[in-house]
Amino acid sequence: MRITQGCFSFLPDLTDEQISAQVQYALGKGWAVNLEFTDDPHPRNTYWEMWGLPMFDLQDAAGVMMELAECRKVYGDRYIRLSAFDSSHGWESVRLSFIVNRPKEEPGFRLGRQEVESRNMRYTTRAYSADKPEGHRYGG
Amino acid sequence: MDAPLTTTTNGNDAPPERVDLRAEFNEVGIGEVLDQLDRELIGLKPVKTRIREVAALLLVERLRKRMGLATGNPTLHMSFTGNPGTGKTTVALRIASILHKLGFVRRGHVVSVTRDELVGQYIGHTAPKTKEVLKKAMGGVLFIDEAYYLYRPENERDYGQEAIEILLQVMENQRDDLVVILAGYADRMEKFFQSNPGFRSRIAHHIDFPDYTDGELLGIAEGMLREQNYNFTPEAKAAFERYIAARKTQPLFANARSIRNALDRIRLRQANRLIADLDRSLSAEDIITIEAGDVLASRVFATGEGGGK
């Protein structure tokens, strides 16, 4: 099951050229670009790990692409996302975020049902991959 | 150099068979930058000639690319050698602008660094630091001042080596993204290249910056004063000529930089002279004029002219 989140989630994965163009757009706006990775695909997982520090004061997307290539080399079997942070007053938050790398195989989620009082039902989703310990989830 | 030329090729390619060199030249607007270089930088004849040559080469390279004859981007890394204050940084800025106009770098900014910004203090500190700088310089020009400090042969565990390796790798693999300019004194750069042959082979253009002559230094001084709305009296000008000759014989002479510092001190003395007499009413003429006394009060005359010669 293909996980989607962030901007462009309705599109096929962006090519490197397209990623580079998006990064250049973000840099042009003065946003700091940041790379994060995780192997916990749950949509409510907000604790992605940072790949180095956010990149401030860059002029050209090539610098970000260099880091992305390196991050892929190490964590190519995990989800990597790119976010752009706007530090200007009033915003001070992430303005753009999208997935730039995903594992080859995404096993998807199991839907758990729990019967509770008076025939009510509670649902939960659990990633199949999350059964394995962190760092061993996608064949890595 | 601006003869109206039209190049023709034998026309085997689908891309344009003929290009109008003048149109191309005007279109990229480097003529303007080159003229500005001529106008604003005094002296530096060999440097200007070299830059014109490089610009011509790049212009032709650009045409070749349009005609489908080019094979990848040429190596553009450079080394600037010369004494302090000979205009290396200023020329680097102009080069960046030329490269940008010709489309060989995408942004045309210059990131100027020294050893401190590239080399870390402890194990594992250097690589991220160097990469940080490289990332900032991507799409522009990385200007490494006093590059030979990166290599410290007396300490084999020096982290400079690590920075050098990362630099070399990026200089080789990301030639399209970044142009590196190494700068420093001629003799020490020579030693640096000898001990790091990887650098020499990756650098296409070695440009040597000569020292300024006395006349050129005077011209530079007058230019700086004009920019700041000051003026020498004829006597002050003569005094400053003597100052230049005397200053040159003293240690730590840094060409144009020394001149700028001298002018700053002269302006200080002029201001003090004006303030000394508070009851006087000043005209604009008084305020912009630098008199011989302001120049002659310099320490250089006390030690230089009398003691030195």
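# Notebook: a predicted model with chains A and B

**Entry 1. Layout of chain A.** I read chain A along its sequence and found the pattern α-β-β-α-β-β-β-β. The count for chain A is accordingly two helices and six strands. I note here that the model is predicted. I then looked up the extent of chain A. Along the principal axes, its C-alpha atoms fill a box of roughly 60 × 40 × 25 Å. Chain A has 140 residues, and 27% of them count as buried.

**Entry 2. Strand pairing in chain A.** I examined strand E1 of chain A, which covers residues 32–38. E1(A) pairs with E3(A) in the antiparallel sense, over seven bridges. E1(A) also pairs with strand E2 of chain A, residues 49–50, again in the antiparallel sense, over two bridges. I took Glu36(A) as a reference point. What stands opposite Glu36(A) in E3(A)? I found Arg81(A) there. In E2(A), the residue opposite Glu36(A) is Met50(A).

**Entry 3. The nonpolar cores.** I looked up where nonpolar residues gather. In soluble globular proteins, nonpolar side chains tend to be buried together. In this model the largest nonpolar core has 75 residues. Val33(A), Val141(B) and Ile181(B) have the most contacts inside that core. A second, separate core has 19 residues, including Phe232(B), Ala236(B), Phe240(B) and Ala256(B). I returned to Val33(A) and listed its contacts, leaving out residues up to four places away in sequence. Val33(A) touches Val23(A), Ala26(A), Leu27(A), Pro54(A), Met55(A), Leu58(A), Val64(A), Leu82(A) and Ala84(A).

**Entry 4. Where the chains meet.** How many residues does each chain give to the contact? I found nine residues from chain A and 11 residues from chain B. On the side of chain A that touches chain B, four residues are nonpolar, three are polar and two are charged.

**Entry 5. Two residues with positive phi.** I looked for residues that have a positive phi without being glycine. Glu92(A) is one of them, with a phi of about 45 degrees. Glu92(A) sits in the loop of chain A between strand E3 (79–86) and strand E4 (93–101). Leu44(B) likewise is not a glycine, and its phi is about 55 degrees. Leu44(B) is in the loop of chain B between helix H2 (30–40) and helix H3 (45–66). Is each of these residues buried or exposed? Glu92(A) is exposed, because 9 other C-beta atoms lie within 10 Å and the cut-off for exposed is 12 or fewer. Leu44(B) counts as buried because it has 22 C-beta neighbours inside 10 Å, where 20 or more are required.

**Entry 6. Helix H4 of chain B.** H4(B) covers residues 88–102, 15 residues in total. From its first C-alpha to its last it reaches 21 Å, close to the 21 Å expected at 1.5 Å a residue. Why do I describe H4(B) as largely enclosed by the rest of the structure? The reason is that 12 of its 15 residues are buried. Among them are Val91(B), Ile95(B), Ile98(B) and Leu99(B), together with Lys88(B), Arg94(B) and Lys101(B). Just after H4(B), Gly103(B) takes a positive phi of about 80 degrees.

**Entry 7. Helix H8 of chain B.** In H8(B), residues 186–195, I found Met189(B), Phe192(B) and Phe193(B) buried. These residues lie on the same side of H8(B), because they cover an arc of only 95 degrees around the axis. The face turned away from that buried side carries exposed residues, namely Asp187(B), Gln194(B) and Ser195(B). I then asked what the buried residues of H8(B) pack against. Their partners in chain B are strand E3 (78–82), strand E6 (179–184) and helix H9 (197–202).

**Entry 8. Lys48(B).** My last entry concerns Lys48(B), which lies in helix H3 of chain B. Lys48(B) counts as partly exposed because it has 16 C-beta neighbours inside 10 Å. Leaving out residues up to four places away in sequence, Lys48(B) touches Leu37(B) and Asp38(B).

Methods: Residues numbered from 1 in each chain as written. Chains lettered and ligands numbered in written order. Predicted model: local features only at pLDDT ≥ 70, side-chain atom pairs only at ≥ 80, totals over all residues. Core = buried A, V, L, I, M, F, W, Y, C linked by C-beta atoms within 7 Å. Contact = placed C-beta atoms within 7 Å. Nonpolar A, V, L, I, M, F, W, Y, C, P; charged D, E, K, R; others polar. Helix = DSSP H or I, 4+ residues; strand = E, 2+ residues; numbered from the N terminus. Arc of directions from axis to C-beta. Pairing = 2+ DSSP bridges. Expected span 1.5 Å × (residues − 1).
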